[in-house]
Amino acid sequence: MTSPEPQVLAAANAVAPARAVAVLAGRIGTAWKRWRNRRQVAELLALDDYLLRDLGVARGDVFEALSDASVTDASLHLGASASQARQHETMRLRESLRSARILTIPPRVAAPASAVRAA
């Protein structure tokens, strides 16, 4: 068996540290973003309930997002819970509209066969 050429080994050894630095930089960047987002979510607690409702979140959602382990992104958790609340509210409104239509609109009566032929 022949050994690899020295140039190939040198190139492989040069790539490994560069890749390690890139991975480390990516992890540091991700950790910084999570810390920054967590701090911004915590600042939402200074707002009153009316403003939080206007943003589409509840104070309990903010506390829940911050109660997760520090390895998760609190802003992603808060966004997911706000999205889920919007979906729930949309479904509730749709259901109330369906109920209102059933209660206020009389059932459709089939037209007589003679009226259909005349048209």
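Visitor: Hi! What share of the contacts with a separation of 6 or more comes from residues 24 or more positions apart?
Guide: In this protein, such pairs account for 48% of those contacts. A contact here means heavy atoms within 4.5 Å. Keep in mind that this is a predicted model, where local features need pLDDT of at least 70, side-chain atom pairs count only at pLDDT 80 or more, and totals for chains, interfaces and linings use all residues. Residues are numbered from 1 along each chain as its sequence is written, and side-chain values use heavy atoms, leaving out hydrogens and water.

Visitor: Got it. How many helices and strands are there?
Guide: There are five helices and zero strands. From the N terminus on, the order reads α-α-α-α-α. Both kinds of element are DSSP runs, numbered from the N terminus: helices are H or I with at least four residues, and strands are E with at least two.

Visitor: And which residues does the UniProt domain annotation cover?
Guide: According to the unreviewed UniProt entry, "domain: YjiS-like" covers residues 30–62. UniProt positions are given in the numbering used here, feature names are shortened, and annotations may be inferred rather than shown by experiment. In the model, that span is 76% helix and 0% strand, and its end C-alpha atoms lie 21 Å apart.

Visitor: Switching topic: how many salt bridges does a search of the whole structure find?
Guide: The search finds two. A salt bridge is a side-chain nitrogen of Lys or Arg within 4 Å of a carboxyl oxygen of Asp or Glu. One joins the side chains of Arg59 and Asp49, at 2.8 Å from N to O. This pair links distant parts of the chain, with Arg59 in helix H3 (residues 59–67) and Asp49 in helix H2 (residues 49–55), ten residues apart.

Visitor: Why can side chains pair like that?
Guide: Side chains of opposite charge can pair when their charged atoms come close.

Visitor: Where do Glu89 and Arg92 lie?
Guide: Both are in helix H4 (residues 74–104), three residues apart, about one turn of the helix.

Visitor: What percentage of the 119 residues is buried?
Guide: Buried residues make up 13% of them.

Note on methods. Buried < 20%, exposed > 50% of the residue type's maximum accessible area, 1.4 Å probe, protein only.
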